[in-house]
Amino acid sequence: MSVRSAKTGGVSRHDTPTGEGGGEPEQLALIREVVRRGKQRQPRARPRTWRGAALAERDPVARVLVDKGLVHLDRYFDYAVPAAMDAEAQPGVRVRVRFGAGEREGRREGGGLINGFIVERAAESDFPGVLAPIAQVLSPEPVLTPELLRLCRAVADRYAGSLADVVQLAVPPRVGRAEKRPTPPAQPPPPSPEPGGWSRYPDGPAYLRALAEGGSPRAVWTALPGPGWPDELARAVQATLAAGRGAIAVLPDGRSALRVDAALRELVGEGHHVLLTADAGAEARYRRWLAVSRGAVRAVVGTRAAMFAPVADLGLAAIWDDADEAHCDDHAPGPHARDVLLLRAAHEHAGLLLGGHSRTVEGAQLVGTGWARELAATRETVRATAPLVKTVGDREEARDAAARSARLPTLAWETARRALESGPVLVQVPRRGYVPRLACERCRAPARCGACHGPLEATDDGALRCGWCGDQVAGTPGWRCPDCGGARLRATVVGVRRTAEELGRALPSVPVRTSGRDHVLDAVPDRPALVVSTPGAEPVPEGPGYAAALLLDGWALLSRPDLRAAEETLRRWLTAAALVRPAAEGGTVVAVADQGLRPVQALLRWDPRWLAEMELADRAELGYPPVSRMAAVTGPPEGVADLLGRAELPATAEVLGPVPMPVIPAGRPRRPGDPPPGERWERALVRVPPGSGAALAAALRTAQAARLAHRAGPPVRIRVDPRDIG
């Protein structure tokens, strides 16, 4: 076998078939001759297979994207197409090929079999040697279409990543049984929808008409509070289908995707769309994906992976709650669903709908530059649909005896008691667990584990446990503060379970339900109950909505050392408050936070646009994303220095740092982007002005490829437009 290799300038060792001894003399002689002459031009050789099998008469060369997510191998490799595989070895299909030089694999004989995709067929190859044949066509199904390949290439270029890595995210794993099942025929386009809830927005009906007429309108949609947004999003998808075009709606989680799926099914019936979520299982998900790829279905509703769905003639790319961190993929190269859909909207001339109860600074920038239009209701409509919002400052809470005994200020307590007479009450707590953070009562120093220095937390039975290594501490008397010697602890953060326990003791006749990461409730009945939830896990109430919502411990959200702390806090508050009944029906929201802060002011006025524009102006003044483009380079100090030294950065680039990253103790759970336990890593930020993002990504990608090709020092990680930059 032969492939182009980075080590030999386009030539690698010819492997032998499995079970045979050495290479054929003619092939080995040719390899030695090419290596001896170095970069001298060699005549093109006719591709032929191992045992002289006949080649395809037409286009006998297949260019293959191998499934190796390495930047320095991010190119196509030429293989010969045997005549027996000619009909099946078409562009887009999965194949098995031999890949890898013996020296690189540490063996004298050649590399093993690896999966790949044929991207095109050609009449001849630039490779001067003998091409190895395709070993096997795994499936004749063309899953990597030219349109999907172009999208993956654009995403890889934007994020300084490997094309193979992006294709892995875009094309689901193969399930043979799903390919054998026939796909139902495509349904005729449904009729255009009535405006429905879009009539509450001045430009809503016009937006639907533009989609139904085959246009490509782009809008940033600030949804009104209440349960109507799934139906409104479904009507936008229906309008696109009515024009004979395709649509994609990306949701942050499976629960919200199910709501839009149910709304769309009620509007257009079965057969017009599919639901793509991880909960469906590998076979069902691949079968639905194939229905889209084969053109039988033109609309997709799903979670993050649906951003790559191969919808033909895309007319609408919609995303709900684009600030949710679930939209950002942790796998390399870390694309964000919002940016992928923006690329698709621009390249495929499709409409865009960026929706949510809140608004991101990226959405504010799209509106400010005129690339998208604002789609929002009038202030009168907002006031008529939003609940009444009240606040309790930290000083008032500290002086309140009720707050000290039951964690609820008097205002929140009275609001909850009145609301429980007519329906359920939502209590949002920023942290899960029982008491996830403890401190010394005397000096307020954080309580740490003696083994790994991790944070101590209290369990339901009163014992102390390390949140990192899980070591048990024998009760409070067994712990001593290393700073002052104190033996008593206080809670600095109280979790969902402790809050539910306190409320249950205070109101023994009212049922208390919890919803969090370990157990998420989908819905709650419309009867009196206390529902204690972490942000993002709020159950949808049946009926008109929650009678009230209590937003506790606002300081825990606002004090996070994060550039997006204010934006993210308002998003979490509005998501919960949008489930509450309108003020005219008695709906009330109480936020425990200082009303002088920007996010609290935006909540009081129900004006997320104002906060997004203020945050965007601050970012512009400081030169932070999204006004600028930024890349984070993390890794061992010598690796970061080597990559930045090799990279031919744009002249306008500014390097911030590097700065040391916290050392992760052994036993602490690793999060995406964390260094290995015990290793010292650094992070440098590279910032460029608008218009230089592509040059920055290309420079970092080229430098990374050179380091990997020459094995120059420890590897480093590149993340373009990282979500968290401190």
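In the predicted model, His272 touches Gln187, Pro188, Pro189, Pro190, Leu241, Val297, Arg298 and Ala299, leaving aside residues up to four places away in sequence; contact here means heavy atoms within 4.5 Å. His272 lies in the loop that runs between helix 8 (254–268) and strand 8 (273–276). Helices (H or I, at least four residues) and strands (E, at least two) are DSSP runs, numbered from the N terminus. His272 is buried, its relative accessible area being 11%. Buried stands for under 20% relative accessible area, exposed for over 50%, and partly exposed for values in between (1.4 Å probe, protein chains only).

Residues are numbered from 1 along each chain as its sequence is written. Because the model is predicted, local features need pLDDT of at least 70 and side-chain atom pairs count only at pLDDT 80 or more, while totals for chains, interfaces and linings use all residues; side-chain values use heavy atoms, with hydrogens and water left out.

The largest nonpolar core has 69 residues, and Leu144, Leu148, Val171 and Phe308 have the most contacts inside it. Such a core is a set of buried Ala, Val, Leu, Ile, Met, Phe, Trp, Tyr and Cys residues joined through side-chain atoms within 4.5 Å. Helix 3 (residues 146–158) gives the most to this core, with seven residues. Phe308 touches, among others beyond four places in sequence, Leu148, Leu151, Val155 and Arg344. A second, separate core of 60 residues includes Val237, Leu426, Leu551 and Trp606.

Cys466 is found in strand 17 (residues 464–466) and is buried, with a relative accessible area of 2%.
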